[in-house]
Amino acid sequence: MFLTISAIALFGLFLALLLRFRALGIGAAVIAVLFGFYLSRTGAAESIDQIMTALANAVRDIGN
C-alpha cells in the first residue's frame, strides 16, 4: 500500500509542529522558506519543485 502526501501539507505540518514546540534553528528556517515558496508559487517555486521532486525520487529509490 502506498501513501502519498502533498508537499504543501507536509511542510505545513512540519512548520506547525516547529512553531508549537518552539524549535528554532536552521531547520525551521528551511521548512518555513520551502512552505512559503510552495504556498506562493512564485517564479522560483518551479525550480524548487523540481529539486524537491528529484530528492523525493532519490529517497524513494533508496528503499528499492
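**View 1. The salt bridge of the predicted model.** This predicted model holds one salt bridge. In such a bridge, a side-chain nitrogen of Lys or Arg lies within 4 Å of a carboxyl oxygen of Asp or Glu. Here the partners are R60 and D61, whose side chains meet at 3.8 Å, N to O. D61 is partly exposed, with a relative accessible area of 45%. Buried means under 20% relative accessible area, exposed means over 50%, and partly exposed is in between (1.4 Å probe, protein chains only).

**View 2. The whole chain.** The chain has three helices and zero strands. Along the sequence the pattern reads α-α-α. Helices (H or I, at least four residues) and strands (E, at least two) are DSSP runs, numbered from the N terminus. Of the 64 residues, 12% are buried. The chain has about 5,200 Å² of accessible surface, and carbon and sulfur atoms account for 70% of that surface. Accessible areas come from the Shrake-Rupley method with a 1.4 Å probe; for residues, only the protein chains shown count as cover.

**View 3. Helix α1 and what follows.** Helix α1 covers residues 7–20. Its 14 residues reach 20 Å from first C-alpha to last, close to the 20 Å expected at 1.5 Å a residue. The expected span is 1.5 Å times one less than the number of residues. After α1 comes R22, with a positive phi near 50°.

**View 4. A nonpolar surface patch.** L10, L13, F14, L17 and F21 form this patch, with about 470 Å² of accessible area together. L10 sits in α1. L10 is partly exposed, at 31% relative accessible area. Patch residues have over 30% relative accessible area and no salt bridge; like charges are joined within 9 Å, and nonpolar side chains (Val, Leu, Ile, Met, Phe, Trp, Tyr) within 5 Å. An α-helix has 3.6 residues a turn, so residues three or four places apart point the same way.

**View 5. The largest nonpolar core.** Six residues build this core: F11, L15, I31, L34, Y38 and I48. Helices α1 and α2 (26–40) each supply at least two of the core residues. The most come from α2, which gives three. A nonpolar core is a set of buried Ala, Val, Leu, Ile, Met, Phe, Trp, Tyr and Cys residues joined through side-chain atoms within 4.5 Å.

**View 6. Around Y38 and F37.** Y38 touches A7, I8, F11, I48, D49 and M52, leaving aside residues up to four places away in sequence. Contact means heavy atoms within 4.5 Å. F37 lies in α2. F37 is partly exposed, at 27% relative accessible area. F37 and I48 are 11 residues apart in sequence and 7.9 Å apart in space, C-alpha to C-alpha.

**Notes.** Residues are numbered from 1 along each chain as its sequence is written, and side-chain values use heavy atoms, with hydrogens and water left out. In this predicted model, local features need pLDDT of at least 70 and side-chain atom pairs count only at pLDDT 80 or more, while totals for chains, interfaces and linings use all residues.
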